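I wanted to see how the pieces of this model pack against one another. These are my notes from going through it.

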Amino acid sequence: MKNSKKFALLGTKKSLKLDSGKNLRSFKIAYQTYGKLNKNKNNAILICHALSGDQYAAGQNPITKKTGWWSKAIGPNLPIDTNKFFVICSNILGGCLGSIGPKELNPVTKKEYNMSFPVITIRDMVNAQKMLIDELDIKKLFSVIGGSAGGFQVLQWAASYPESVVSAIPIATSFRHSAQNIAFHEVGRQAIMSDPDWCNGNYIDKKKRPEKGLSVARMLALISYLSEEAFQRKFGRNLQSKVSLAYGFKTDFQVESYLKHQGLAFVGRFDANSYLYITRAMDYFDLPNQKKGGLKKIYKNSPVKFCVISFTSDWVYPTKYSKEIVDSLNTVGADVSFVEIQTDKGHDAFLLDEKEFNETVKGFLKANASKEGF
Amino acid sequence: MNRLDFEIIKNVVKDNSRVLDVGCETGELLKFLNKGKKIDGRGLEISQKNVSICLKHGLSVVQGDADKDLVSYPSKSFDFVILSQTLQATHSPEKVLNELVRISKRAIVSFPNFGSWVIRLKLLINGIMPESDLLPYTWYTTPNIHLCTIKDFKKLCNKNSINIEQNFFLNKNRKKITNPIKKLFNNFFSISGLFVLKK
């Protein structure tokens, strides 16, 4: 499972028209592939990463030197079996690991885009992925899989390109951002933008980084990704290397230390402006609003086989939103399966090697692969 | 028990029909129907583990509860909806029954008959809640909270203007009852009934 820096130069012939009305011409999308594309080119799976993810889904991430964010799910004999499938994962549009985004150079001004980068949407990301898939000469994806914001992309793929996907696995996700989702994101963005080192987005020029702001944004987000039970189980009221309370404001509790550590680790690998743009794209996501008649109209006569998965303790995108998707799909007679996995690990459960989750994904993919004849 | 139910159901279900198996467990009936019949089969099942097993077998199954989730299916969206040996375990059998006939052109419902002579005799002689192959639980652990007799069931259908198109009765040896006398007194002689319903 080796990672090498792969790029595709897209939009050279035809530009990518964004939802905002702007156009992107000749832009790079960074991606990784695992496994082999078969002769019929019908075993390709697109993995859509979430807000803080990247294209290094499996193997070793060359930036962090840690294993890929989904290395427990993607690999030989794993649920997304690379002996069987050709797995593609691209850095999303607006990301910061090689794909076009705010920290890349604007070919016109020869300077970083920063806040002059156009505001992008989930649909824009998916359209860019479709250009990549076309570039790789794959007519039809066997599956599109993703959790959280990756799940938004999965739902958008099935909505925009139903003829180009056999199956879709939206995980721990929703069809639109709720007021609470937007609220959490806005606090994160405010933390970044009120950091003096953000410099109105021009921190690269000023040789600064809004580290404090971005790490606070990450700390806040992490609280929402775990459940109350998981926090309690992992940390309780345990003290950090002290036998008693210090009666001060340094790190007393282990949970504080954890959040600070995670915040700092994030700053080392993520661009603050990218964080602003991607959270905005997520806030703008409102799939039913894309068509009069909502989800039912969008998925009417859909040939896509859906496998919707949610987690009991996910309070970012609770099961009720997955069920609404399932109900809409049922109403229009679409081919849909649904499971709600029992876990106390919260929203992040899909990243955490949950046995029942793995079994479900593995079984669904394998059964459908044999229906497709491989 | 289920096996015989399966044969009867297979004979009732027509080729090329859309079928929903409510409470499909690990998908045995759907797999059985898929063999030798062309159906577009779906399942609804309460246990996540069972749903995942169904997915492994290539079935399309939604995790859900018959009491709560049938409402989300549109009217007449299936040719056949099957509720095999589960009605007695639902919280609101009347509501579920009405949902079944709403979402389907025909509903196939089977359940253990509490009016069977076997059960009557057990209760009469022992004076305790009867346990049997079909009802293998103690009264305090049983999921079967709404047991009924065939007569009760027919009354409920009548009350809700649900037509019984076909009925099948099974004897103690799990064979279809053919004897006309026993058929007439089915509420006494059968341990289970299977009904094809329409509204």
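**Entry 1: chain B by itself.** I kept in mind throughout that this is a predicted model. For contacts in chain B with a separation of 6 or more, 64% come from residues 24 or more positions apart.

**Entry 2: where A touches B.** How many residues of chain A are in contact with chain B? I get 22 from chain A, against 16 residues of chain B. On the chain A side, helix H9 (319-331), strand S12 (335-341) and H10 each supply at least two residues. H10(A) gives the largest share, eight residues. Sorted by class, the chain A side has eight nonpolar, eight polar and six charged residues.

**Entry 3: H10(A) on H3(B).** Given that share, I went to H10(A) next. The axes of H10(A) (residues 355-372) and H3(B) (residues 48-56) come within 7 Å and cross at roughly 25°. An angle under 35 degrees counts as roughly parallel, so I noted H10(A) and H3(B) as roughly parallel to each other. From H10(A) I listed Glu356(A), Glu359(A), Thr360(A), Gly363(A), Phe364(A) and Ala367(A), which meet Gln48(B), Lys49(B), Ser52(B), Leu55(B) and Lys56(B) of H3(B). The class tally for this contact is three nonpolar, four polar and four charged residues.

**Entry 4: a pair inside chain A.** I also looked up H3(A) (residues 179-193) and H7(A) (residues 272-284). Their axes are 10 Å apart and the packing angle is about 160°. Are they roughly parallel or roughly antiparallel? Over 145 degrees counts as roughly antiparallel, so that is my entry for H3(A) and H7(A). The crossing of H3(A) past H7(A) is left-handed. H3(A) makes the contact with Ile182(A), His185(A), Gly188(A), Arg189(A) and Ile192(A). From H7(A) come Ala272(A), Tyr275(A), Leu276(A), Thr279(A), Met282(A) and Asp283(A).

Key. Residues are numbered from 1 along each chain as its sequence is written. Chains are lettered from A and ligands numbered from 1 in the order in which they are written. This is a predicted model: local features need pLDDT of at least 70, side-chain atom pairs count only at pLDDT 80 or more; totals for chains, interfaces and linings use all residues. Axes are lines fitted to C-alpha atoms, for helices over the stretch in contact, and angles run from 0 to 180 degrees between N-to-C directions. Helices (H or I, at least four residues) and strands (E, at least two) are DSSP runs, numbered from the N terminus. Angles under 35 degrees count as roughly parallel, over 145 as roughly antiparallel, 65 to 115 as roughly perpendicular and the rest as oblique. Two residues are in contact if their C-beta atoms, placed from the backbone, lie within 7 Å. Ala, Val, Leu, Ile, Met, Phe, Trp, Tyr, Cys and Pro count as nonpolar, Asp, Glu, Lys and Arg as charged, and the others, Gly among them, as polar. A crossing is left-handed if the near helix is turned anticlockwise from the far one by less than a right angle, and right-handed if clockwise.
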